[in-house]
Amino acid sequence: MDDRRLETTNRVASIDVYRGMVMFLMLAEVLHLEKIRKVFDGETAVGKIADWIRFHVTHVEWTGCSLHDMIQPSFTFLVGVSMVFSIAMRASKGQSRREMLLHALGRSLTLVFLGIFLRSLGKPSTNFTFDDTLTQIGLGYWIAFLVSFLSTRWLVCFLTVLLSGYWLAFILYPSPAPDFSYSSVGVPNDWPHHWKEGFLTHFNKNSNLAWAFDQWWMNLFPREKPFEFSGGGYATLSFIPTLGTMILGLLAGRTLQSDWSWSKKFLMLIAAGIVMMACAYGLERAGICPIVKRIWTPSWTLWSGGICFLWLACLGYLCDRIGWTRWAFPFLVVGANSIVAYVMSWTMEKWTIDALQRHFGSTIRGCSSQIASIVGIDPAKGDFVTNLLLGVLTLFVFWWILYWLFRRRIFVRI
């Protein structure tokens with residue numbers, strides 16, 4: 001692809017490439033790479049590589065961070081980055097702040113409703129939930145828009161108060177008693193990821209402030225049975241620090257939009273990323289605030305935000321500064337229509353796999369057997385290769401749909 005073609009789309013290449021990488025990681029769940037350890041077992045070098053792959057294509061149990069854990073914060077961060085350019089574009093077209101606010105409110109509601117709609121697929125009734133990517137962004141998007149007009153200094157102050165206040169609220173909520181029955185909230189009493197005593201028990205799974213809020217909030221909506229806990233420990237209140245991630249995106253977007261030289265932009269993004277990660281690491285090591293994605297602790301906001309800054313800095317330099325985008329074209333296609341890719345993953349994945357099996361099942365199974373034989377995989381574990389091929393073909397189908405939209409300059413926005 002000719003790199004100059006990017007200019008005709010009036011989009012920032014680094015943002016689309018980054019978003020495309022993130023969406024690809026989400027779509028790649030169809031490959032089921034988490035099952036690779038069952039195929040390559042043992043303590044061999046291959047087994048250790050399989051362990052590494054499995055770790056990074058799944059979420060960590062509680063504390064820490066894998067590559068897969070970076071999907072939601074990256075997508076959220078890029079919402080903030082894009083907002084900077086979107087506001088500038090709308091202002092150049094003469095839109096008033098009132099018109100832009102109404103658009104932001106409409107977008108917030110659309111994201112919340114779309115998130116609930118997708119989470120309700122296959123359910124007997126509406127599945128009211130507010131802890132997934134779209135609803136979390138939707139709940140905070142309109143607030144991010146309002147604060148986007150603050151100066152950078154005041155925006156940093158707002159972010160500091162937001163994260164500090166969220167941390168303080170968790171600390172003020174009573175920690176679970178020593179005899180608290182974790183099994184009653186879906187967590188084994190001997191779960192190894194809990195803190196047994198001390199300050200950090202305030203952040204234990206399904207026994208914290210966010211869990212208590214959801215026991216009230218989630219039961220305000222029609223449900224088949226009363227809400228007691230989230231199996232994954234996710235919570236509605238996470239939208240507050242998630243808003244913090246969007247604000248970090250606003251700050252990064254302002255850096256990209258500034259008149260600074262690219263060397264200064266690059267160094268500022270890199271420095272900010274390193275500082276945030278160092279702060280998050282220090283807070284966790286000091287026993288003040290752990291890095292937990294599932295309840296989006298302030299330390300997680302800083303840790304994941306730091307990674308986002310570093311990721312964007314590298315892509316910004318490669319794609320925007322020196323114009324090297326040929327390697328990233330597949331990601332660019334996905335990122336240019338990220339919301340379409342997201343909806344496709346929820347609505348078309350099973351349908352596409354069923355269609356592939358219906359029309360090409362015997363051919364796929366034959367190829368799988370040959371590949372398993374060449375690689376030396378036990379025939380009894382050949383289903384892994386079959387599912388992998390089905391996943392690859394599904395990704396290929398999705399990409400061609402997105403490519404068709406890209407070629408025709410069709411970019412779906414909410």
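These legends go with a set of close-up views of one predicted protein model.

Because the model is predicted, local features need pLDDT of at least 70 and side-chain atom pairs count only at pLDDT 80 or more, while totals for chains, interfaces and linings use all residues. Residues are numbered from 1 along each chain as its sequence is written, and side-chain values use heavy atoms, with hydrogens and water left out.

**View 1. Trp 62 and Trp 191 form an edge-to-face pair.**
A pair of aromatic rings is described by the distance of the centres and the angle of the planes. Rings of Phe, Tyr and Trp (its six-membered ring) pair if their centres lie within 6.5 Å; planes under 30 degrees apart count as stacked, over 60 as edge-to-face and the rest as tilted. A search of the whole structure finds 29 aromatic pairs. In this one, the ring centres of Trp 62 and Trp 191 are 6.0 Å apart and the planes stand at 70°, so the pair is edge-to-face. The two partners are 129 residues apart and link distant parts of the chain: Trp 62 belongs to the loop between helix H3 (45-56) and helix H4 (71-92), and Trp 191 to the loop between helix H7 (152-172) and helix H8 (209-217). Helices (H or I, at least four residues) are DSSP runs, numbered from the N terminus. Both Trp 62 and Trp 191 are buried, where buried means under 20% relative accessible area, exposed over 50%, and partly exposed in between (1.4 Å probe, protein chains only).

**View 2. Trp 400 and Tyr 403 pair within helix H15.**
Here the rings are again edge-to-face, at 5.2 Å centre to centre and 90° between the planes. The two residues sit 3 residues apart in helix H15 (residues 383-407), so about one helical turn separates them. Trp 400 is partly exposed, with 43% relative accessibility, whereas Tyr 403 is buried at 14%. Both belong to one aromatic cluster, together with Phe 329, Phe 396, Trp 399, Phe 406 and Phe 411.

**View 3. Two lysines sit over tryptophan rings.**
A charge sits over a ring if NZ of Lys or CZ of Arg is within 6 Å of the ring centre and within 35 degrees of the ring normal. Look for Lys 264 over the face of Trp 260, at 4.5 Å from the ring centre. The charged end of Lys 265 lies over the ring of Trp 262, at 5.2 Å from its centre.

Two packed helices are described by the angle between their axes and the distance between the axes. Axes are lines fitted to C-alpha atoms, for helices over the stretch in contact, and angles run from 0 to 180 degrees between N-to-C directions. Helix H14 (residues 349-375) packs against H15 at about 130°, with the axes 8 Å apart. The crossing of H14 and H15 is right-handed: a crossing is left-handed if the near helix is turned anticlockwise from the far one by less than a right angle, and right-handed if clockwise. Among the residues making the contact are Leu 356 and Ile 364 of H14 and Leu 389 and Leu 393 of H15. Contact means heavy atoms within 4.5 Å.

**View 4. Helices H6 and H9 meet at a right-handed crossing.**
The axes of H6 and helix H9 (residues 239-257) come within 9 Å and cross at roughly 50°, so these helices are oblique to each other. Residues making the contact include Ile 137, Gly 140 and Ala 144 of H6, and Leu 243, Met 246 and Leu 250 of H9. Thr 133 is also in helix H6 (residues 133-147). Thr 133 is buried, with a relative accessible area of 12%, and, leaving aside neighbours within four places in sequence, is in contact with Gln 72, Phe 75 and Tyr 342.

**View 5. Ala 336 is buried in helix H12.**
Ala 336 lies in helix H12 (residues 329-336) and has a relative accessible area of 5%, so Ala 336 counts as buried. Not counting residues up to four places away in sequence, Ala 336 touches Arg 11, Asp 16, Phe 406 and Phe 411.

Note on methods. Angles under 35 degrees count as roughly parallel, over 145 as roughly antiparallel, 65 to 115 as roughly perpendicular and the rest as oblique.
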